[in-house]
Amino acid sequence: VLLSSCYFTGNKRSRLAPSLFAQLDRNGVRPQLRIWAGDQVYLDAPWYEFAIKSHSVSELEKLHSATYARTWFADQGLNTVLPQGANVFCTDDHDLWNNAPHPSVVARDTSDSAKRKAWRAMARALGQTCQGDTANGQRFRVPPLDFFVLDTRVNRSDERLFSDAQWQQLRTW
């Protein structure tokens, strides 16, 4: 099992993921399962784009779609490593914006509640398209292990980390 997070195409170390997986494979250490524990996509990067500038909702849609395309489908994107085994995804704040769901000074548009709501909806739609619905717990077994991956970001509010349905899934597990 390989646990990873913070895959950012703007960081040259993240772009080395295909080389890392190839090296593991050459050494006979191919993980049977990879858990991507959040921050697969940095929708709030580059920081200066969002900390300094304000955007319309249609501009945010274009920027976020381009970020997803780059992260998932570019030459050194996630599409180069995902086919090499089973993958499970979880969301963290940068998959939305830094410190989501709360407004962030480094994501200026999130201080406007209407834009923040639109940004969050876009992020969720793009995330569901590429990562699946992380809003529900994912339980699976790789004997002898029994896993339960619980996303504590997408249903987060001021009062709770996850939904009542997720609580029930956790209790059942």
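**A pocket, a parallel sheet and some backbone details**

Reader: How many residues line the largest pocket, and which lie nearest its centre?

Author: The largest pocket is lined by 13 residues, and those nearest its centre are Ser 4, Arg 13, Ser 14, Ala 17 and Leu 20. Rolling a probe the size of a water molecule over the atoms shows where empty space is left. On a 1 Å grid over the protein atoms alone, a pocket is an open set of points where a 1.4 Å probe fits, with protein on both sides within 12 Å along at least five of seven lines; a lining residue has an atom within 4 Å of a point. This model is predicted: local features need pLDDT of at least 70 and side-chain atom pairs pLDDT 80 or more, while totals for chains, interfaces and linings use all residues. Residues are numbered from 1 along each chain as its sequence is written, and side-chain values use heavy atoms, with hydrogens and water left out.

Reader: What is the volume of the largest pocket, and which elements each supply at least two residues of its lining?

Author: The volume, meaning the space filled by probe spheres set on grid points joined across faces, edges and corners, is about 210 Å³. Strand β1 and helix α1 (17-26) each supply at least two lining residues. Helices (H or I, at least four residues) and strands (E, at least two) are DSSP runs, numbered from the N terminus. The lining comprises 9 nonpolar residues, 3 polar and 1 charged. Here Ala, Val, Leu, Ile, Met, Phe, Trp, Tyr, Cys and Pro count as nonpolar, Asp, Glu, Lys and Arg as charged, and the others, Gly among them, as polar.

Reader: What is the order of the strands in the open sheet?

Author: Strands of a sheet pair through backbone hydrogen bonds, either parallel or antiparallel. Two strands count as paired if DSSP finds at least two bridges between them. In this open sheet of 3 strands, the order is β1-β2-β3, with parallel pairing. β1 (2-4) and β3 (86-89) are the edge strands, each pairing on one side only. Direction ignored, neighbouring strands are turned by 20° against each other on average; strand axes are lines fitted to C-alpha atoms, and angles run from 0 to 180 degrees between N-to-C directions.

Reader: How many bridges join β2 to β3, and how many join β1 and β2?

Author: β2 (residues 33-36) is joined to β3 by 4 bridges, with Leu 33 partnered by Ala 86. β1 and β2 pair over 3 bridges, where Ser 4 has Trp 36 as its partner. Buried means under 20% relative accessible area, exposed over 50%, and partly exposed in between (1.4 Å probe, protein chains only).

Reader: Where does Asp 39 lie, and is it buried or exposed?

Author: Asp 39 lies in the loop between β2 and α2. Although not a glycine, Asp 39 has a positive phi of about 60°, and at 5% relative accessibility it counts as buried. Pro 46 lies in the loop between β2 and α2 (47-51), and the peptide bond from Ala 45 to Pro 46 is cis, with omega near 0°.

Reader: Which elements have the lowest and the highest mean pLDDT?

Author: pLDDT is the predictor's confidence in each residue, from 0 to 100. Among the elements, α1 has the lowest mean (85) and helix α4 (residues 113-131) the highest (95). The mean for the protein is 91, and 100% of its residues reach 70 or more.
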